[in-house]
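Subject: Structure handover

Hi,

Here is the structure I promised to pass on. Please open it beside this email and follow along.

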Amino acid sequence: MKAPIIKKFNLTMALQWLIFLPVILPLCIVFGAFQGIAAMVEKMAQRMWIDLEL
């Protein structure tokens, strides 16, 4: 039975993740929040338009 193949640890990629993750994560959170706010405002405007169309 063969032993499982262990991949070599890529140190440069790990360093890139450690450096850029603190930048990328807050940006994703902020843009996700803005996207959610925009979607909610659009849904609210559509509902308001439907309700006012008697």
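Is Thr12 buried or exposed? Thr12 is exposed, because its relative accessible area is 52% and the cut-off for exposed is over 50%. Keep in mind that this is a predicted model.

Now the setting of Thr12. This residue lies in helix α1, which covers residues 11-52. Its side chain also has a partner: the side chain of Asn10 makes a polar contact with that of Thr12, at 2.9 Å.

Next, the whole chain. The protein chain has one helix and zero strands. Its radius of gyration is 23 Å, while the globule rule gives 10 Å for 54 residues, so the chain is more spread out than a compact globule. The C-alpha trace spans about 75 × 35 × 10 Å along its principal axes.

Then the surface. How much of the protein chain is made up of buried residues? The share is 0% of the 54 residues. The chain exposes about 5900 Å². Carbon and sulfur atoms supply 76% of that area.

Leu21 and Ala45 are 24 residues apart in sequence. In space, their C-alpha atoms are 36 Å apart.

That is the handover. Write back with any questions.

Best wishes

How values were computed. Residues numbered from 1 in each chain as written. Predicted model: local features only at pLDDT ≥ 70, side-chain atom pairs only at ≥ 80, totals over all residues. Heavy atoms only, no water. Helix = DSSP H or I, 4+ residues; strand = E, 2+ residues; numbered from the N terminus. Rg over C-alpha atoms; globule rule 2.2 N^0.38 Å. Buried < 20%, exposed > 50% of the residue type's maximum accessible area, 1.4 Å probe, protein only. Areas by Shrake-Rupley, 256 points an atom, 1.4 Å probe, with all protein chains shown as cover. Polar contact = N/O pair within 3.5 Å; in protein donor to acceptor, adjacent residues only side chain to side chain.
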